[in-house]
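Dear colleague,

Here is the structure I promised to pass on to you, and below it I describe what was found. Please keep it open while you read, so that you can find each residue as it is named.

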Amino acid sequence: MALGIIAAAALVLAALALSGVSLRPGINPDPTSRPAATSFGLATPSPTVAPTTAALASVTLLGDQNALAPDSWWSRSVAASSVSGVTAASVLGSTTIPESPLTVAELQQTVDATTTLTGYVIVQAGSTDVAEGALPGTVASSVENLWKAVAIRGATPIVALVPPSDDQTESVVALNDLLQTAAATAGYAVLDLNTPVAAPNGTWAAGLSSDGVVANEQGSQILAEAVAVQLPSLVQKK
């Protein structure tokens, strides 16, 4: 009886071996069969995007004694790199205070001697002509020619209003009105360098000019702060 049982068990084992069933736990009997790959639900990494830096707007100055003083609004703002999104390119003509106040005609000669301009050019001119008795309409037309000369050479003019005058108050107010109207017609931005330092009657506000003609240190600082507020949006309108 025992021999029969042993013989039967041997036959069963032999049959299992022939069928390919492994008798060892954990062993895959079919080497060609592979378990399905396990997915762990890992998120696909997103590509890294490098941050972009906006290019600074290049700004050049074409101005008279109101802008050329060592402590002027220009030296305290654009030239000092304190205006967001703007970099100072150059100053057309003399970079120091001229021996005599510059007229529009003298600034025109400076532009005429320049062949190419880029970016933006702040044009502040006309104060000297008004102080010498020229009519606001005549001065405004001459300043418009400066804008045209700048544009022809490849740059975009920014029209800076002239500062107050204690002696030629009405003429300065009239000139600035004409400049604003002409700038709107031509599509040029206006940099208001008058209102921040002017009294309600059009003269210099108290304490901002020592001679009633150009800004003193305090007046220049107020104008520089006005430039820092106004200019960034003006160079985005091109």
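The largest pocket holds about 200 Å³ of space, in what is, please note, a predicted model. Its lining is made up of 15 residues, and those that lie nearest the centre of the pocket are S127, T128, A131, S165 and V213. Helix α5, which covers residues 127–131, gives the largest share of this lining, with 4 residues. Sorted by class, the lining of the largest pocket has 7 nonpolar, 6 polar and 2 charged residues.

The second largest pocket has a volume of about 160 Å³, and among the 13 residues that line it, Q65, N66, A69, V214 and A215 are the closest to its centre. Helices α2 (65–68) and α8 (217–234) each contribute at least two residues to the lining of this second pocket, which by class consists of 8 nonpolar, 4 polar and 1 charged residues.

Turning to the aromatic rings, the structure holds 2 aromatic pairs. One of them joins W73 and W74 edge-to-face, at 6.1 Å centre to centre and with 85° between the planes, and both of these residues are buried. The other joins W147 and Y188, whose ring centres are 6.1 Å apart and whose planes stand at 90°, so this pair is edge-to-face as well. Because W147 lies in helix α6 (residues 136–152) and Y188 in the loop between α7 (169–186) and β5 (189–191), the pair ties together parts that are 41 residues apart in sequence. W147, at 2% relative accessibility, counts as buried, whereas Y188, at 21%, counts as partly exposed.

With best wishes

Notes. Residues numbered from 1 in each chain as written. Predicted model: local features only at pLDDT ≥ 70, side-chain atom pairs only at ≥ 80, totals over all residues. Heavy atoms only, no water. Phe/Tyr/Trp six-rings, centres within 6.5 Å; stacked < 30°, edge-to-face > 60°. Buried < 20%, exposed > 50% of the residue type's maximum accessible area, 1.4 Å probe, protein only. 1 Å grid on protein atoms, 1.4 Å probe; cavity = no way out; pocket = protein on both sides within 12 Å on 5 of 7 lines; lining within 4 Å. Points joined across faces, edges and corners; volume = space filled by probe spheres on them. Nonpolar A, V, L, I, M, F, W, Y, C, P; charged D, E, K, R; others polar.
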